[in-house]
Amino acid sequence: QVSHEFAINFNPTNPFCSGVEGIVQAYSACLPHIRFYGPTNFSPIINHVARFAAQATQQQAAAVSLDMDETRDAVVQASKLPMSIIIVGVGNADFAAMEFLDGDSRVLRSQTGEEAPRDIVQFVPFRDFRNAPKETLAKAVLAELPQQVVQYFKHQNLPP
C-alpha cells in the first residue's frame with residue numbers, strides 16, 4: 001500500500017522519536033520493512049506536521065515531488081507556524097524542485113502569489129555527502145535551523 005504519510009517508528013498512536021538518534025534508529029529500523037515508491041508527494045506530511053505546529057501555537061508555551069503546487073502552498077502556510085522542513089534528497093534524481101522549495105535564493109510564493117514570511121525548508125542532496133563524515137551531513141542538514149527558529153520568534157514579536 002502506497003503511503004506518503006506514516007509513522008516512521010510504525011506506532012501511529014505515538015509517532016514521536018527522541019532526538020536525532022531516535023530518528024536515525026527509527027529510520028534504520030523501518031528500512032527493511034518498506035519499499036520506496038515514487039513519485040513522492042510532500043504536501044500530506046507537511047500538512048500533517050503543520051497541524052501539530054498549529055496546535056502548539058494554541059498552547060501557552062513558547063525524492064521528487066509531483067504535487068509541487070500543493071507542496072508550495074503547504075510550505076507557504078506552514079512558514080507561519082513554529083516548524084521547519086528538512087528534505088534529504090536520496091538518489092541521482094533532478095532535485096531542482098527541492099531547491100525551489102528551499103527559499104535560499106528567493107522568497108517562496110504560493111500559487112496565488114502569497115509570500116512565505118520566512119524560509120523554513122532546508123534541502124540537502126545526500127549524494128553530495130556520500131563519502132563525507134556523517135558530521136558533515138548533519139551540519140549541512142541543520143545549518144539553517146537556528147535562523148529559522150529566530151525568524152519565527154521575531155515574526156511573533158517574541159524574544160528568541
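First, the ground rules. This is a predicted model, in which local features need pLDDT of at least 70, side-chain atom pairs count only at pLDDT 80 or more, and totals for chains, interfaces and linings use all residues. Residues are numbered from 1 along each chain as its sequence is written, and side-chain values use heavy atoms, with hydrogens and water left out.

On confidence: pLDDT is the predictor's confidence in each residue, from 0 to 100. The chain has a mean of 84, with 93% of its residues at 70 or more. Helices (H or I, at least four residues) and strands (E, at least two) are DSSP runs, numbered from the N terminus. Among these elements, strand β2, residues 121-125, has the highest mean pLDDT, 93, and helix α2, residues 43-58, has the lowest, 79. Where pLDDT is low, the predicted coordinates should not be read in detail.

Now the interior. A nonpolar core here is a set of buried Ala, Val, Leu, Ile, Met, Phe, Trp, Tyr and Cys residues joined through side-chain atoms within 4.5 Å. Buried means under 20% relative accessible area, exposed over 50%, and partly exposed in between, with a 1.4 Å probe and protein chains only. The largest core has 22 residues, and those touching the most other members are Val75, Ile85, Ile87, Met98 and Leu101. At least two residues each come from α2, α3 (68-78), β1 (85-89), α4 (96-101) and β2. The biggest contribution is from α3, with 5 residues. Apart from that core lies another, of 5 residues, including Val124, Phe129, Leu137 and Val141.

Back to Leu101. Contact means heavy atoms within 4.5 Å. Leaving aside neighbours within four places in sequence, Leu101 is in contact with Met68, Thr71, Arg72, Val75, Ile87, Leu108 and Val121.

Next, Ile86, which sits in strand β1. Why does Ile86 count as partly exposed? Because its relative accessibility is 38%.

Last, the backbone. Most residues other than glycine have a negative phi. Phe10, in the segment before α1 (19-30), has a positive phi near 60 degrees. Asn157, in the segment after α6 (145-155), also has a positive phi, near 55 degrees. Phe10 is partly exposed because its relative accessible area is 44%, while Asn157, at 70%, counts as exposed.
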